[in-house]
Amino acid sequence: MKSFGLWYKATEETNIESTCLELHVNLWNINKTPGINKADAITPFIDFGFRIKNFRNLDELRFLIPFTFEDIDLEDLFDKMKEPDSARLIFNDNNCNTASISNTYCIKDLGENSDQLLLMQIKKGKQFTDDIQLEEKFEEEEGFKICSVRFDKIKANSDFDAYNNVYFRFRINAADLKKILFCNLEKKNYYLESGFETTQIIDLKINKERNLPHDICDSLKGEKFNFMRLHKIHFFVMDSANNNVTTLGNDFIECRKLEEKEWISYLDHKYITKDVLVYHWKETENNNESIKEYSKLVKITMATTRWELIIIYLGIVVLLSIVGNCLFTWLAHSNLGDFLRLY
């Protein structure tokens, strides 16, 4: 499986050790409204949230997305973060408030013991802001996107001098996401079980250099980019409560039921939030040693109905019945049948 990648370029003569990133990854694997209890009806989508501490030490951040999509498939979630109800869900803080200070930026108050967070808009309508550039590249006929985020305008605006932490969040809803993150597990006894059960593996990788385009890695190193220091990673998987999700690894935090009514607005009233479970993993830097790379495997087993296999089963049963009936008729009218009746 391919990996997402995060790089940064530091400003000159700066203390980059004080700058770190907390990454939020929300993978939604739920039905649309109206829903159909069928695996093929689900088109997963993913939300990325970037919380950067001491962002002024950064000149640029680059995020590699290992598949191609249209610009319209990337949705800025700034307007949702501005809403206090949605902000409380996103940041898991019932006491936070938001206040707009311009058309592009908004302040989120995290409480008395935390610095305020500057919420950053990356898209206005269908157009990206001047801080953002989305570029499509190809290597060995395989495409990917690189999202570049610059912080020049924020740092140049004196109205924001008091803010050192920034947050932006966006959603990618594209068909190729499923090809990159999900793979179907083919069972050895395929014709016995697969007609009633399907198993998928979610394979999320971040900054796994061996799974990143080598030419891009070399090019970014030449431009004085380094892999981003990850302070903390939150990974959430939202899936139907009817499915069996196997949590692998020792960084699993909790499983809880998604708040049905509260998340409807965040999901634009397009998805079913009833009977959805939230699986949460969290990894934190250890002894001030930042997270260099991240990977997580999740196995999802779901009940399904493969009509093509069931039709094959029924065809075999009918065929065996016909063969058995023909054999019985032949035995009844043959000399062998008379011989068997004697004994």
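**Aromatic pairs and an enclosed strand**

Residues F50 and F63 are both buried in this predicted model. The count of aromatic pairs comes to 20. In one of them, the ring centres of F50 and F63 lie 5.2 Å apart with the planes at 75°; since planes over 60 degrees apart count as edge-to-face, the pair is edge-to-face. F50 belongs to strand β3 and F63 to strand β4 (residues 58–65), so this pair ties together parts that are 13 residues apart in sequence. Ring pairs also join F50 and F63 with F4, F48, F168 and F170 in a cluster.

Strand β3 (residues 45–53) in turn pairs with strand β2, in the antiparallel sense and over nine bridges. Strand β2 also pairs with strand β17 (residues 230–240), here in the parallel sense and over nine bridges.

The burial of β2 was examined along its length. Of the 10 residues of the strand (residues 20–29), 10 are buried, so β2 is largely enclosed by the rest of the structure. In a regular strand, side chains alternate between the two faces of the sheet. In β2 both faces are covered. One side carries C20, E22, H24, N26 and W28, and the other carries L21, L23, V25, L27 and N29; the residues on both sides are all buried.

Rings also take part in contacts with charged side chains. The charged end of K123 sits over the ring of F128, at 4.9 Å from the ring centre. A second case involves R171 and Y266, where the charged end of R171 sits over the ring of Y266 at 5.0 Å from the centre.

A further lysine, K137, is located in strand β11 (residues 132–139). When neighbours within four places in sequence are left aside, the residues in contact with K137 are E142, G143, F144, I146 and I216. K137 was also compared in position with F67: the two residues are 70 residues apart in sequence, and the C-alpha to C-alpha distance between them is 9.6 Å.

Methods
Residues numbered from 1 in each chain as written. Predicted model: local features only at pLDDT ≥ 70, side-chain atom pairs only at ≥ 80, totals over all residues. Heavy atoms only, no water. Buried < 20%, exposed > 50% of the residue type's maximum accessible area, 1.4 Å probe, protein only. Helix = DSSP H or I, 4+ residues; strand = E, 2+ residues; numbered from the N terminus. Pairing = 2+ DSSP bridges. Phe/Tyr/Trp six-rings, centres within 6.5 Å; stacked < 30°, edge-to-face > 60°. Lys NZ or Arg CZ within 6 Å of the ring centre and 35° of its normal. Contact = heavy atoms within 4.5 Å.
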